[in-house]
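Student: Could you take me through one part of this model closely, namely how its helices and nonpolar residues are covered? I would like one connected account.

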Amino acid sequence: MKTIETAVRVPGGEGKLTLYLRDNLDMERYAVRPMVLVIPGGAYAFCSDREADPVALSFLAQGCHAAVLRYSCAPDAVFPTALQELAESVALIRENAKAWHVDPGRIYLCGFSAGGHLALSLGVFWNNEKFREVLPPAEKIRPNGLILAYPVVTSGTFAHRGSIENLLGKDREKEELLTLVSLEKQVSADVPPCFLWTTDGDRDVPAENSLLLALSLRANGVPVELHMFRRGGHGLSLGTKEMNEKTETGDVAFPEIQAWLPLALTWLNVDGKTKEEDRDHQGL
């Protein structure tokens, strides 16, 4: 494994991108690999360590390259600083795809809570005219898919107010911005395919965030896979006892929630089969 750390500098912020690159095994099948860029949560106030490197290393162990973006947060940075840092990170990975043995057509974002909002923001805004002057060219920054874990989505009735307020800072009352960052309202047919998971017992970021998003994705013809687990609160990361130690659920493991990672890997299709091969296998 090769580890690379680099600063991601944009006006008003400086994020930190850590890349974990698997060794090239000189086998044709693994000449290039998908990249999963992990974006931790933290209400746009900090970046949670539990939702960062442990998740990236789990994807790495399953055959992917992985990376973690620790983006700039409140009070020093407000919208769209973190979005710019994420866009620059995706552009950097795509520009170095050949050197890093990354498949440039398989760059995925995996965001948790507020990090899910950030991942989804790039998913909805990557080709939006409003951001043309502050983001790299659209073809460099489009994610190929989004994995969103208990994501913050809406600024409406089911909002996680702390995340929205930290994101917008002094502009937190501006209706135009509140609508802009209520991402279920920004979905178009250009959003990449999405894998969502949440829990019925999440009191911080209610499951309605994911449900509203799933409905909007379906209405726009965007492929979506949604899993809502019955047990568990917020911020469960990998669902292991170690990861849950400092959450509201306490020192408890959730085996059913641990299933999200293999489910996501199946969704990513990391074995390299094409969708056409999948359809042939199913007799479709």
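Tutor: Happy to. Buried means under 20% relative accessible area, exposed over 50%, and partly exposed in between, with a 1.4 Å probe and protein chains only. Helices are DSSP runs of H or I with at least four residues, strands are E runs of at least two, and both are numbered from the N terminus. This is a predicted model, in which local features need pLDDT of at least 70, side-chain atom pairs count only at pLDDT 80 or more, and totals for chains, interfaces and linings use all residues. Residues are numbered from 1 along each chain as its sequence is written, and side-chain values use heavy atoms, leaving out hydrogens and water.

Let's start with helix 2, residues 81-95. Of its 15 residues, 12 are buried, so helix 2 is mostly covered. Among those buried are Leu 83, Leu 86, Val 90 and Ile 93, and also Gln 84, Glu 85 and Arg 94. From first C-alpha to last, helix 2 reaches 21 Å, close to the 21 Å expected at 1.5 Å a residue; the expected span is 1.5 Å times one less than the number of residues.

Leu 86 is also among the residues with the most contacts inside the largest nonpolar core, which has 59 residues. Such a core is a set of buried Ala, Val, Leu, Ile, Met, Phe, Trp, Tyr and Cys residues joined through side-chain atoms within 4.5 Å. Leu 19 is another of those residues; leaving aside residues up to four places away in sequence, Leu 19 touches Ile 93 and Trp 100, among others, where contact means heavy atoms within 4.5 Å. A second, separate core of 30 residues includes Val 36 and Trp 197.
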